[in-house]
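Colleague: Could you take me closely through one part of this model, the packing of a helix pair, and then follow the strands around it?

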Amino acid sequence: MRRGIAATALVASLALAATACGSGSDSGDKAGGPVTITWWDTSNATNEAPTYKALIKEFEAANKDVEVKYVNVPFDQAENKFDTAAGSKGAPDVLRSEVGWTPAFAKKGYFLPLDDTEALADEGKFKSNLIEQARYEGKTYGVPFTTDTLALVYNKELFEKAGVEAPRTWDDLKKAAATIKDRTGVDGYWGSTQAYYAQSFLHGEGTDTVDADAKKITVTSPEAKKAYGTWLSLFSGKGLHKADTTADAYAHIQEAFVSGKVASIIQGPWEITNFYKGSAFKDRDNLGIATVPAGSTGKAGAPTGGHNLSVYAGSDEAHQKAALKFVKFMTSAKSQETIALKNSTLPTRDDAYTAEVKADPGIAGYQGVLAAAQPRPALPEYSSLWGPLDDELLKVAGGKESLDKGLSNAELAIAKLVPDFSK
């Protein structure tokens, strides 16, 4: 997410921090009474928040010494709001932090290291790649709360009608798309121009936008050019939908898929509940979920997303202790199971994938592809690198500039974000 806050946003952020904060002397805690902590939740206020509010009541009932003040902060505002609040010592005690924010906030000293604390007592129960993604410079700064990745989601009925199986490589996908078009009349695949969705092509060639360990920008490397060349090739050909470069492209692709007008797309589990609302998936078992196709390396890889629960390092000991207890509760197997059943999100620990949870074909399907999810490098600037690529890939897909030109422009922009990296 891009940094920079306008003056009005800064004032609003400070106001929110002042009213929502549960830390410090202004927390409103009464002598001898329960400690009040504040949780900034960045989930969907309509679909997901009710589940979290119910869990808070359950936590408070079992922990009379702690009260939780719930604040829902819009996701697209939360990173800047927390950055501002933490810088002024007025941040919430607990933040639902997008995994990409962890390195930056840890580097600034805003997050409390959780190693050997109550919050991470069950560390071995969580998926190892998710724990790795919560670390920065050898310390763990968040407990995995929800996770996601990308998969090839497909319409089983259309695939069966065409006599094709879920493709294992991008070349297989091209062939399947053509066959589906011939035998069903609908396009077999519709790709996205967004850089996050193109990440799987990079992983399939064994590369990334940068090599964080070598401190080198790799977006114009031969492997990256091959990856993006494959990505671009999937916008033209029989059964391959042309690139949508409009502002509403995401909605157009989603609507086409759930209504059976396209047989497959690349998408994440945050859309599971919306898949089921579509006419093509009234029978939930018609939703097929497969690992993203592999590149020329023969290996498939998808980006890992999701959220951690992190504790503010600037609060006092009493608030941190209460926050750690709350984080442990919210990330317990029982809470994770409840969240999965209510919100159709993916648990972050294996023991939360109960039979009831896996009865949801969407959750079960995405659980099966998590092995291909690649942790993001512990680079504070990493998530911001997709911004320049979003701009350039849109132009490339729309035919407004060549792939080489687009990647060169992206390289220049990325160099400004990581000035100590070589090209």
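Modeller: The axes of helix H9 (residues 222-233) and helix H16 (residues 386-397) come within 11 Å of each other and cross at roughly 50 degrees, where axes are lines fitted to C-alpha atoms, for helices over the stretch in contact, and angles run from 0 to 180 degrees between N-to-C directions. That angle makes H9 oblique to H16, since angles under 35 degrees count as roughly parallel, over 145 as roughly antiparallel, 65 to 115 as roughly perpendicular and the rest as oblique. This is a predicted model, in which local features need pLDDT of at least 70 and side-chain atom pairs count only at pLDDT 80 or more, while totals for chains, interfaces and linings use all residues. Residues are numbered from 1 along each chain as its sequence is written, and side-chain values use heavy atoms, with hydrogens and water left out.

From H9, Tyr-228, Trp-231 and Leu-232 meet Leu-389, Leu-393, Val-396 and Ala-397 of H16, contact being heavy atoms within 4.5 Å. The residues of this contact divide into seven nonpolar, no polar and no charged, with Ala, Val, Leu, Ile, Met, Phe, Trp, Tyr, Cys and Pro counted as nonpolar, Asp, Glu, Lys and Arg as charged, and the others, Gly among them, as polar.

Turning to the strands, helices (H or I, at least four residues) and strands (E, at least two) are DSSP runs, numbered from the N terminus. Five of the five residues of strand E3 (residues 94-98) are buried, so E3 is largely enclosed by the rest of the structure; buried means under 20% relative accessible area, exposed over 50%, and partly exposed in between, with a 1.4 Å probe and protein chains only. Val-94, Arg-96 and Glu-98 point one way from E3, whereas Leu-95 and Ser-97 point the other way, and all are buried.

Strand E1 (residues 35-41) runs parallel to E3 and is joined to it by two bridges, two strands being paired if DSSP finds at least two bridges between them, and Trp-39 stands opposite Val-94 in E3. E3 is also joined to E12 by five bridges, here in the antiparallel sense, with His-307 in E12 as the bridge partner of Glu-98. Strand E12 (residues 302-311) pairs as well with E6, antiparallel and over six bridges, and there Asp-148 stands opposite Gly-305 in E12. Strand E6 (residues 143-149) is itself mostly covered, with seven of its seven residues buried.
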